[in-house]
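Hi,

Here is the structure I promised to pass on to you. Have a look at it first, and then read on for what I found in it.

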Amino acid sequence: FDAMMSHMNIAFLGTGILGYPMAEKLLEAEHKLWVYNRTLHKAEGLTEQGAAICSKAADAIQQGDVVILVLSDAYAIEEVLLQDEKKLENKTGIQMGTISSSESRRFHQRITNAQGH
């Protein structure tokens with residue numbers, strides 16, 4: 001288990017009140033983070049801790065094996081994650097935002113259709 005969890009490449013989307021401290025903990029655990037936030041200045045402090053800030057979500061997604069979403073709602077997920085579904089192939093998504101179960105199932109189906117997990 002420890003070998004599987006060490007030094008993961010993570011695309012982290014959403015560095016608001018909840019996402020920012022989560023990203024800090026992942027950096028403390030020495031994971032590589034490519035971070036995107038729709039308001040870029042909210043992510044800037046993470047560069048001092050080793051994160052790479054991406055100006056486009058697709059750039060972060062391309063770098064990560066895992067995509068962690070800490071976005072505000074289904075609209076934000078649609079806007080940030082699903083602009084180029086081809087980039088989700090072989091990616092594992094972890095959705096942490098507050099959305100309904102039906103929205104979660106809909107996003108899961110779209111990610112699965114794009115050959116993601």
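Predicted model: local features only at pLDDT ≥ 70, side-chain atom pairs only at ≥ 80, totals over all residues.

Let me begin with the whole chain. It has five helices and five strands, and from the N terminus on the elements run α-β-α-β-β-α-β-α-β-α. The radius of gyration is 13 Å, close to the 13 Å that the globule rule gives for 117 residues, so the chain is as compact as a globular protein of that length. Along the principal axes, the C-alpha trace spans about 35 × 35 × 25 Å. Of the 117 residues, 38% are buried. The accessible surface comes to about 6800 Å², and carbon and sulfur atoms hold 51% of that. Among contacts with a separation of 6 or more, 61% are between residues 24 or more positions apart.

Now the sheet. The five strands form an open sheet in the order β3-β2-β1-β4-β5, with parallel pairing. At the edges are β3 (52–53) and β5 (92–95), each of which pairs on one side only.

Going through the pairs, β1 and β2 are joined in the parallel sense over five bridges. Here Phe 12 has Val 35 of β2 as its bridge partner, and Leu 13 stands opposite Tyr 36 in β2. β1 also pairs with β4, again in the parallel sense, over four bridges, and in β4 the bridge partner of Leu 13 is Leu 69. Leu 69 in turn stands opposite Gln 95 in β5, where four bridges join the parallel strands β4 and β5.

How many of the five residues of β2 are buried? Four of them are, which leaves β2 mostly covered. β4 is covered on both faces: Val 66 and Ile 68 are buried on one side, and Val 67 and Leu 69 are buried on the other.

Next comes α2, which I think you will enjoy. Its buried residues are Gly 19, Ala 23, Leu 26 and Leu 27. Why do they fall on the same side of α2? They cover an arc of only 100 degrees around the axis, which puts them there together.

Ala 29 sits in it, between α2 (19–28) and β2 (32–36). Ala 29 and Met 8 are 21 residues apart in sequence, with 9.7 Å between their C-alpha atoms. Glu 30, which follows α2, has a positive phi, near 70 degrees.

Finally, the nonpolar cores. The largest has 22 residues, and those with the most contacts inside it are Leu 13, Ala 60, Val 67, Leu 81 and Leu 88. Two or more residues each are given to this core by β1, β2, α3 (57–63), β4, α4 (74–81) and α5 (101–113). The largest share is that of α4, with five residues. Apart from this core lies another, of 14 residues, including Met 8, Ile 10, Phe 12 and Val 35.

Not counting residues up to four places away in sequence, Leu 88 touches Ile 61, Leu 81, Leu 82, Ile 111, Ala 114, Gln 115 and Gly 116.

Definitions and conventions: Residues numbered from 1 in each chain as written. Heavy atoms only, no water. Buried < 20%, exposed > 50% of the residue type's maximum accessible area, 1.4 Å probe, protein only. Arc of directions from axis to C-beta. Pairing = 2+ DSSP bridges. Rg over C-alpha atoms; globule rule 2.2 N^0.38 Å. Contact = heavy atoms within 4.5 Å. Areas by Shrake-Rupley, 256 points an atom, 1.4 Å probe, with all protein chains shown as cover. Core = buried A, V, L, I, M, F, W, Y, C linked by side-chain atoms within 4.5 Å.
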